[in-house]
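Subject: Structure handover

Hello,

Here is the structure I said I would pass on. Please keep it open while you read the notes below it.

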Amino acid sequence: MKFNTLLPTGLATFAVVFGLGLSAVNAQTALSRNEIINSLQGAQAKVDISADDLRKQALEQIKKYPGDNSTEVLPLAAKLAQLRQFNLEITFDFDSDRIRPESYETVGIIADALHTPYLMGQTFFVVGHTDAKGDREYNLKLSQRRADAIRDALVTTFRVPAGMLEAVGLGEEQLRDPSKPNAEINRRVQLINVGF
């Protein structure tokens, strides 16, 4: 699992990135629950964002800019960028929401971090993203299914309280690297701490 901590403020982006080609063994040795906890915990500005608003903005952007992907940033994206986040990788079967078996250990490490007293009681968005290959509305639905799959695995397999997690699919509407819209780096899921 490749991880990165961003910005001198200690913010990190949790993006569960699909298929970057790293082996699960190497990935697992680089990731620890403490790194996730340290990146996600701590005081932050209270931001009033709902998962429904995010979903609506993504769909509205598709309707406003039919055809090619828009480089316009979703209005709520700036608010999301203020929040504590962490990046890691999880792989899915091609064109599917099935989490690949080698990624379940990673999901378990995430769950272990979410079970700590430092993060219990807080709410997290599991935000799904795709690259720009294919139909935008289809990608929006696929990203929602993948975000739902991560949330469901955390809740059912790893017993993270359901009230802590809300899944949101944004499809290709917030590319991580807009200069390379079809790149694998854009296929990800973010875990974002939205507070109490």
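This is a predicted model: local features need pLDDT of at least 70, side-chain atom pairs count only at pLDDT 80 or more; totals for chains, interfaces and linings use all residues.

Residues are numbered from 1 along each chain as its sequence is written, and side-chain values use heavy atoms, with hydrogens and water left out.

The whole chain

The chain has six helices and six strands. Helices (H or I, at least four residues) and strands (E, at least two) are DSSP runs, numbered from the N terminus. In sequence order the pattern reads β-α-α-α-α-β-β-α-β-α-β-β. The chain has 196 residues, and 51% of them count as buried. Buried means under 20% relative accessible area, exposed means over 50%, and partly exposed lies in between (1.4 Å probe, protein chains only). For contacts (heavy atoms within 4.5 Å), take those in the chain with a separation of 6 or more: 81% of them are between residues 24 or more positions apart.

Helices α3 and α6

Helix α3 covers residues 51-64 and helix α6 covers residues 136-157; their axes come within 10 Å and cross at roughly 165°. Axes here are lines fitted to C-alpha atoms, for helices over the stretch in contact, and angles run from 0 to 180 degrees between N-to-C directions. The two helices are therefore roughly antiparallel to each other. That label applies to angles over 145 degrees; under 35 counts as roughly parallel, 65 to 115 as roughly perpendicular, and the rest as oblique.

The crossing of α3 past α6 is right-handed. A crossing is right-handed if the near helix is turned clockwise from the far one by less than a right angle, and left-handed if anticlockwise. On the α3 side, the contact is made by R55, A58, L59, Q61 and I62; on the α6 side, by R136, E137, L140 and Q144. These residues divide into four nonpolar, two polar and three charged. Ala, Val, Leu, Ile, Met, Phe, Trp, Tyr, Cys and Pro count as nonpolar, Asp, Glu, Lys and Arg as charged, and the others, Gly among them, as polar.

Salt bridges

Side chains of opposite charge can pair when their charged atoms come close. How many salt bridges does a search of the whole structure find? It finds nine, a salt bridge being a side-chain nitrogen of Lys or Arg within 4 Å of a carboxyl oxygen of Asp or Glu.

One of them joins R33 and D112, whose closest N and O atoms are 3.5 Å apart. R33 lies in helix α2 (residues 33-40) and D112 in helix α5 (residues 104-114), so the pair links distant parts of the chain, 79 residues apart. R33 is partly exposed at 31% relative accessible area, and D112 is partly exposed at 39%.

D93, R98, R100 and E102 are linked in a network of salt bridges. Within it, R98 meets D93 at 2.8 Å, N to O, and E102 meets R100 at 2.9 Å, N to O. D93 is buried at 19%, whereas R98 is partly exposed at 43%.

A loop residue

R159 is in the loop between α6 and β5 (165-169). R159 is not a glycine, yet has a positive phi of about 60°. R159 counts as exposed, at 65% relative accessibility.

Regards
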